[in-house]
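Dear colleague,

Please find below the structure that I am handing over to you. My notes on what was found in it follow directly after.

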Amino acid sequence: MRSPTTRPSSCLRLGALYANGGEGLAPGYAAAARLMSSIPAKAAATLFLWALAHHVLAGVRHLLMDVDLGSSLAIARRSAWSVNLLGALLAILALEAIW
């Protein structure tokens, strides 16, 4: 049986593989990294993040309406526009992070 001091730990080996650009991590790692750096994948990620942001903001809006905050028609319309604009703003911020 080998002593643990004669062999580097699996964490150190994994760290060295990541430091080497991921080469040798797994057979499909490099292919997945290339795929995720493509324009269609970045566009899909941006759309997903916009949809997620919109969904969360709309959910908060509806929770506030459940406790009778913003239930009048004028305020409800304004909050709906706010959700759309904030969702677009968060999507633009996601664009900077992804691209």
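**Packing of H3 and H4**

Helices H3 and H4 are roughly antiparallel to each other, because their axes cross at roughly 150° and angles over 145 degrees count as roughly antiparallel. Please note that the model is a predicted one. H3 comprises residues 39-66, and H4 comprises residues 73-98. The two axes come within 8 Å, and the crossing is right-handed.

Two residues of H3 deserve a description. With a relative accessible area of 11%, Thr46 is buried. Beyond its neighbours within four places in sequence, Thr46 is in contact with Ala91, Leu95, Ile98 and Trp99.

Lys42 also lies in H3. Although Lys42 is buried, it has no salt bridge. When neighbours within four places in sequence are set aside, the contacts of Lys42 are Met36, Ser37, Ile98 and Trp99.

On the other helix, I would draw your attention to Ala97, which lies in H4. Is Ala97 buried or exposed? Ala97 is exposed, since its relative accessible area is 69% and the limit for this class is over 50%. Along the chain, Ala97 and Thr46 are 51 residues apart, while their C-alpha atoms are separated by 9.4 Å.

Yours sincerely

Note on methods: Residues numbered from 1 in each chain as written. Predicted model: local features only at pLDDT ≥ 70, side-chain atom pairs only at ≥ 80, totals over all residues. Heavy atoms only, no water. Helix = DSSP H or I, 4+ residues; strand = E, 2+ residues; numbered from the N terminus. Buried < 20%, exposed > 50% of the residue type's maximum accessible area, 1.4 Å probe, protein only. Lys, Arg positive; Asp, Glu negative; His and termini not counted. Salt bridge = Lys/Arg side-chain N within 4 Å of Asp/Glu carboxyl O. Contact = heavy atoms within 4.5 Å. Axes fitted to C-alpha atoms, helices over the stretch in contact; angles between N-to-C directions. Parallel < 35°, antiparallel > 145°, perpendicular 65-115°, else oblique. Left-handed = near helix turned anticlockwise from the far one by under 90°.
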